Amino acid sequence: MNSDFRVSVDFFAHHKTRKLRRRLGYEGVVELLQLWAYAARVRPDGDLSGMEDEDIELAVDWCGEEGTLVPTLKSVGFLDEDEGGLRLHGWQENNASWRWGGKR
C-alpha cells in the first residue's frame, strides 16, 4: 500500500482542474484528490476497471448529485475509458514509483 501520491504544483491552475471546479465546485476537486488517494491505496496502477460509477462515488464519499462525478471527471480529462474500463489519466506517468510503493 502506498502512503502518498504526487500532485503537481500547477494542479489548481491547470485548465482541467478549473473546468472541474466550475462544473462541480470545490467538492469536485476535493473528490478528485480523494480518488487519487483511494487509487494510491487500493488501485496503485490507476486501473479502475470493474468499478461502476456508483462504486467510484462511494469510494470517495461523493455527496453531490448522484451520477455526476464520474461523467464529469471523464469529460474534463481526469478519467480515461477503454475496453477494460476506467483508468486515471496519466497516473502511471505521474506516479510511476509510487504505484509500486517506492519513493523518488
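Me: Which helix gives the largest share of the lining of the largest pocket, and how many residues is that?
Reply: H1, with 3 residues. Helices (H or I, at least four residues) and strands (E, at least two) are DSSP runs numbered from the N terminus. Heads up: this is a predicted model, where local features need pLDDT of at least 70 and side-chain atom pairs count only at pLDDT 80 or more, while totals for chains, interfaces and linings use all residues. Residues count from 1 along each chain as its sequence is written, and side-chain values use heavy atoms, leaving out hydrogens and water.

Me: Which helices supply at least two residues each?
Reply: H1 (15-42) and H4 (91-94).

Me: How many residues line that pocket, and which lie nearest its centre?
Reply: There are 16, and Arg 6, Ser 8, Phe 11, Trp 36 and Asn 94 lie nearest the centre. A pocket here is an open set of points on a 1 Å grid over the protein atoms alone, where a 1.4 Å probe fits, with protein on both sides within 12 Å along at least five of seven lines; lining residues have an atom within 4 Å of a point.

Me: And what's its volume?
Reply: About 400 Å³, taken as the space filled by probe spheres set on the points, which are joined across faces, edges and corners.

Me: Switching topic, how do strands S1 and S2 run, parallel or antiparallel?
Reply: Antiparallel: 4 bridges join S1 (residues 79-82) to S2 (residues 85-88). Pairing takes at least two DSSP bridges.

Me: What do they form?
Reply: A hairpin, with 2 residues between the strands.

Me: Which residue is the bridge partner of Asp 82?
Reply: Gly 85, in S2.
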